Structure formats: structure tokens, C-alpha cells
Amino acid sequence: VAVPHHRIYANNILFNSNGDYESFDSNELTSKDGGKALVIQRLKDLFNYETIVMIGDGVTDLHARPPADLFIGFGGVIVRDKVKESADWFITDFKELLD
């Protein structure tokens with residue numbers, strides 16, 4: 001996907017010298033409590049988006065609605081009951097978005 005780096009808001013995962021997960025960059029806005037909602041609001045403010053759909057697999061992703069207008073829960077790796085119950089739409093395969 002050809003998304004410019006400056007338009008990506010995501011946790012930066014940090015690995016140790018063995019290549020194993022070590023931590024995440026706590027300076028990333030998305031790593032903070034409520035950070036995903038702040039990113040969604042920033043996108044709305046910067047680009048005048050009227051509608052934003054958030055796709056996520058975890059409970060912290062749910063916190064982005066509002067300001068996200070719709071939340072699609074993703075359970076393709078693991079199904080989290082809270083995400084499945086709270087999502088506007090729940091999928092287990094991204095192909096479902098294209099059908």
C-alpha cells in the first residue's frame with residue numbers, strides 16, 4: 001500500500017538484538033491512553049473529513065469511537081468478545097470489506 005509515511009499513525013514496535021519483541025515507542029500518539037481518538041480527531045480537523053471508519057482488533061481501538069463515526073472490529077487473529085459485541089460491524093477476514 002502506497003501510503004506516505006507522514007500519513008501513518010501507528011505504534012512503532014521495538015525489537016531487541018535477537019529480533020524479539022521488546023517494547024513499543026511510548027512517544028507515539030497511538031500508544032497513549034485515548035491516543036487513537038486524538039489521531040482520528042486530528043485527521044478530521046486537518047483534512048476536513050466528515051466520516052472516518054476505524055478498524056481495530058482491541059478494546060483500545062474501540063476508544064476511537066467517537067470521534068470515529070463507525071467501528072469495524074477485526075477478529076482474524078483472535079476474537080475478543082468485547083470488540084465483537086461493541087463493534088458496528090465485525091469481520092474475521094478483510095475480504096469481507098470488499099464483498
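**Ground rules.** I am working with a predicted model, where local features need pLDDT of at least 70, side-chain atom pairs count only at pLDDT 80 or more, and totals for chains, interfaces and linings use all residues. Residues are numbered from 1 along each chain as its sequence is written, and side-chain values use heavy atoms, with hydrogens and water left out.

**Helix H1.** I took helices (H or I, at least four residues) and strands (E, at least two) as DSSP runs, numbered from the N terminus. H1 covers residues 35-47, 13 residues in all. I found that its first and last C-alpha lie 18 Å apart, close to the 18 Å expected at 1.5 Å a residue (1.5 Å times one less than the number of residues). Next I looked for buried residues, meaning under 20% relative accessible area, with exposed over 50% and partly exposed in between (1.4 Å probe, protein chains only). In H1 they are Gly 35, Lys 36, Ala 37, Val 39, Ile 40, Leu 43 and Lys 44. Their cover includes strand E3 (53-56) and helix H2 (59-62).

**The core.** A nonpolar core is a set of buried Ala, Val, Leu, Ile, Met, Phe, Trp, Tyr and Cys residues joined through side-chain atoms within 4.5 Å. The largest one here has 12 residues, among them Val 39, Ile 40, Leu 43, Ile 52 and Phe 90. H1 gives the most to this core, with 3 residues. I then picked Ile 52 and asked which residues it is in contact with, leaving aside neighbours within four places in sequence. Contact means heavy atoms within 4.5 Å, and I listed Ile 40, Leu 43, Lys 44, Ala 68, Asp 69 and Leu 70.

Most residues other than glycine have a negative phi, and most peptide bonds are trans. Asn 48 counts as exposed because its relative accessible area is 64%.

**Two cis bonds.** I found a cis peptide bond joining Arg 65 and Pro 66, with omega about -10°. Another cis bond joins Pro 66 and Pro 67, with omega about 15°. Pro 66 lies in the loop between H2 and strand E4 (70-74), and Pro 67 is in the loop between H2 and E4.

**Last look.** Lys 95 is in helix H4 (residues 95-98), and I marked Lys 95 as exposed because its relative accessibility is 58%.
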